[in-house]
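Here is a short briefing on one model. Look over the sequence and the fold before reading on.

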Amino acid sequence: MRLEAGLFREPGERALPSEMVVRPNRSRGRPRAEFHPRVRSVEDVELLRRHRVPALLITSEWVTQHGYPVHFQPWLAVPEELAGKVTSDFRILPVKDEDALTAPGIAELVTLLLRFDPLAARVVAKRNRSNLDPHELYRRVRNEGLERAATKVRLQEFAPAIPKTGESLPREELRWIEKNNPATEAPS
Amino acid sequence: MTDIEVAAADAVLKRHGIRYVVVGGQAVARTAATTTHDVDVMVTTDDFAKSVASLRTEKEVAADWAEANLARFRILSAGGVPLDLLDATIFAGTKTGQEFFEFLLEGASKDDHGILYATPEAVWYTRLLTKRWKAYAEKIITNVIDGITADRLREVEKIAARFGTESIVATRLAYVRDELARPDIRSLIRSS
């Protein structure tokens, strides 16, 4: 499968299971059928990924494993072009750069967290600093246009090249937030 | 369902006869999904010093540090998660800490399995009144993204009016509302 403002099965490719796809209006004579994915479970996301559909589930477990113990309802990150076409019980998080979803590491996790929990993003960056590639974080933040959110939680401390845009939270307040939620599991 | 951390705090606090209301993330978690694992527990003004002294004798918690109106312990039976005791006076404005605590008990908390949790608007009010309110404003924004309606910010105004803290809270609420109006945040609120 590949993303083309929709999903199209290439010749020779196996189809997704029928219960996972919704076929929109069909055009007569159209060479390829467009499908809208229906995502209801973790397994559905894994299946999409196996079919090279850029989709990623952001879970509490993933964040907690990286040193920030937290509970939240999962977000399904998908490219912006696909966001309006996915049917899902998960909350949808549209991303500009689908490449960030293919093999996500710390930089990608931090960038995704910036969208909905910037305080968590900072703590994850700090607690995984030794594994965080500053250039990769800079690239991801720029690609998503998240310089303002990054500045707010002072991610320039981890990736100095990120342009400063807008106001930063006081350092002491950020330290307090971190202190309030100590890592109870060792960062991987 | 009571979380492990809150249940552990409840057992200790009840053993010491401490009246309390859960505030902070664990209280908001009754309504919204996102919560960290620390437990914030508010006790009455009259009980604050006595409660802190009493907890220092408890084997299941370790005293971490204490200030005039805030004391931190760690719950050993729950992996060392922080347990903060807050003096209600911090939030009482022109009234007494006892009055603020009674307000929480009677009109701004809900009972869940015998534990009282402050309402989201009461938690937001307390967060915006702290000296670290800007960082806590981020948590409020995350709460709204998680599904707590921003209309509750009006309830925060009412609490502030009740305790004479409107002038402090007004500018801080304006900051939160401005952030919530950002297009990227609005799109997430719609999708969640």
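What pLDDT does chain A average, and what share of the residues score at least 70? Chain A averages a pLDDT of 88, and 88% of the residues score at least 70; pLDDT is the predictor's confidence in each residue, from 0 to 100. This is a predicted model: local features need pLDDT of at least 70, side-chain atom pairs count only at pLDDT 80 or more, and totals for chains, interfaces and linings use all residues. Residues are numbered from 1 along each chain as its sequence is written, while chains are lettered from A and ligands numbered from 1 in the order in which they are written.

**Confidence and helix H6 of chain A**

- Within chain A, confidence is lowest in strand S1 (residues 2-3), at a mean of 58, and highest in helix H6 (residues 134-144), at 98.
- Helices (H or I, at least four residues) and strands (E, at least two) are DSSP runs, numbered from the N terminus.
- Leu137(A), Tyr138(A), Arg140(A), Val141(A) and Glu144(A) of H6(A) are buried. A residue is buried if 20 or more other C-beta atoms lie within 10 Å of its own, exposed if 12 or fewer, and partly exposed in between, with C-beta atoms placed from the backbone.
- The cover over these buried residues of H6(A) includes S9, H4 and helix H7 (147-152) of chain A.
- Gly145(A) follows H6(A) and has a positive phi, near 65°.

**Contact between the chains**

- Chain A puts 21 residues into the contact, and chain B puts in 20 residues. Two residues are in contact if their C-beta atoms, placed from the backbone, lie within 7 Å.
- On the chain A side, the elements that give two or more residues are strand S6 (70-71), strand S9 (91-95), helix H4 (106-116), helix H5 (118-127) and helix H8 (171-180).
- H8(A) gives the most to this side, with 5 residues.
- The chain A side divides into 12 nonpolar, 5 polar and 4 charged residues. Ala, Val, Leu, Ile, Met, Phe, Trp, Tyr, Cys and Pro count as nonpolar, Asp, Glu, Lys and Arg as charged, and the others, Gly among them, as polar.
- S6(A) and strand S2 (residues 35-36) of chain B run antiparallel, joined by 2 bridges. Two strands pair if DSSP finds at least two bridges between them.
- Val70(A) stands opposite Thr36(B) in S2(B).
- Asn181(A) lies in the segment after H8 of chain A. Asn181(A) is buried, with 21 other C-beta atoms within 10 Å.
- Leaving out residues up to four places away in sequence, Asn181(A) touches Tyr68(A), Pro69(A), Val123(A), Thr36(B), His37(B) and Asp38(B).

**Sheet in chain A**

- In chain A, 3 strands form an open sheet in the order S5-S7-S9, with mixed pairing.
- Strand S5 (56-58) and S9 of chain A stand at the edges, each with a single partner strand, so one side of each is left without a neighbour in the sheet.
- S5(A) and strand S7 (residues 75-79) of chain A run antiparallel, joined by 3 bridges.
- Leu57(A) has Leu76(A) in S7(A) as its bridge partner.

**Hairpin in chain B**

- Strand S7 (residues 109-112) and strand S8 (residues 115-118) of chain B run antiparallel, joined by 4 bridges.
- These strands, S7(B) and S8(B), form a hairpin with 2 residues between them, and His113(B) in the turn has a positive phi of about 55°.
- Asp112(B) has Ile115(B) in S8(B) as its bridge partner.
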